[in-house]
Amino acid sequence: MSVRLRIDVFFDFICPWCLIGKRQLERAQALLHAQQPDVLVTTVWHGVQLLPHLPVQGEPFAEFYLNRLGSAEAVAMRQAQVQQAAKAVGVDVDLSRITTMPNTADAHRLLAHANSRGSTAQRDQLLERLFAAYFQNGEDIGRRETLITIAQSCGYDADAVRDYLKDESSPFVGNEVGASSGVPSFLFDRQLTLVGAQPAEVMLGVMYEALERQRMQTPS
């Protein structure tokens, strides 16, 4: 008999640790599948806007980090740290191509829209494409036309996405339950929380703990 495991992920598109954590999660899921093929994993992605007060048009990327970290040296050190961690999990991050720190409200709205349409494979493709747009291609994912083009490339109807984003003028409200300690945050089986881009082996251990708790709570 198959066993189900739900994993809720709280993230933002502009957080490199969220992309790194995504790769670690994928590795952990592959290990779990190899060891326990009867476990059916469902992954649910929840948008959390880290910088909700950014202007709609975003801010210059270089200026944002200079103001945030205080010096060019500090920025260089932080970026080197990110790129080293990304490379370790096979993620190609090209920070030199990023010109805008975007407001991610519409990107999260787009993913929420996609969650109710199309297949899980389409949703996963869109999620991956949005991360790549920002961290690899230097695209401004705060621009609606950019988002519409990305959605269309993943098989979503461009006009429907355009109408949805145009009609949704209220502030983005993410589901931040479980994300109070920061992102990325991973909630396993609605019981165990892991914060940060932890190694795949650590995630796998928490998965097994969640499955064991589930087993103990199931009546004989």
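How many residues in the lining of the largest pocket are nonpolar, how many polar and how many charged? I counted 17 nonpolar, 1 polar and 2 charged. For these classes I took Ala, Val, Leu, Ile, Met, Phe, Trp, Tyr, Cys and Pro as nonpolar, Asp, Glu, Lys and Arg as charged, and the others, Gly among them, as polar.

Ground rules. The model is predicted, so I kept local features at pLDDT of at least 70 and side-chain atom pairs at pLDDT 80 or more, while totals for chains, interfaces and linings use all residues. Residues are numbered from 1 along each chain as its sequence is written, and side-chain values use heavy atoms, with hydrogens and water left out.

Pocket. I looked up the volume of the largest pocket and got about 370 Å³. A pocket here is an open set of points on a 1 Å grid over the protein atoms alone, where a 1.4 Å probe fits, with protein on both sides within 12 Å along at least five of seven lines; lining residues have an atom within 4 Å of a point. Points are joined across faces, edges and corners, and the volume is the space filled by probe spheres set on them. The lining holds 20 residues, and Ile14, Cys15, Pro16, Tyr65 and Arg78 lie nearest the centre. Helices α1, α2 (61-69), α3 (72-88) and α5 (120-135) each give at least two lining residues. The largest share, 5 residues, is from α2. Helices (H or I, at least four residues) and strands (E, at least two) are DSSP runs, numbered from the N terminus.

Strands. I next traced the partners of β1 (residues 3-11). It pairs with β2 (residues 39-47) in the parallel sense over 9 bridges; pairing requires that DSSP finds at least two bridges between the strands. In β2, Val41 is the bridge partner of Leu5, and His46 is that of Phe10. With β5 (residues 185-188), β1 pairs in the antiparallel sense over 4 bridges, and there Asp8 has Leu187 as its bridge partner. I also noted that β1, α1 (residues 16-35) and β2 form a right-handed β-α-β unit. Right-handed means that, with the strands pointing away from the viewer, the path from the first strand over the helix to the second runs clockwise.

Aromatics. My search of the whole structure gave 7 aromatic pairs. The ring centres of Phe11 and Phe13 are 5.0 Å apart and the planes are at 85 degrees, so this pair is edge-to-face. Rings of Phe, Tyr and Trp (its six-membered ring) pair with centres within 6.5 Å; planes under 30 degrees apart are stacked, over 60 edge-to-face, the rest tilted. Buried means under 20% relative accessible area, exposed over 50%, partly exposed in between (1.4 Å probe, protein chains only).

Backbone. Most residues other than glycine have a negative phi, and most peptide bonds are trans. I found a cis bond from Val183 to Pro184, with omega near -5 degrees; Pro184 is in the loop between α7 (158-167) and β5. Asp189, in the loop between β5 and β6 (192-195), has a positive phi near 55 degrees and is buried at 16% relative accessibility. In that loop between β5 and β6 I also found Arg190, with a positive phi of about 60 degrees; Arg190 is exposed at 58%.
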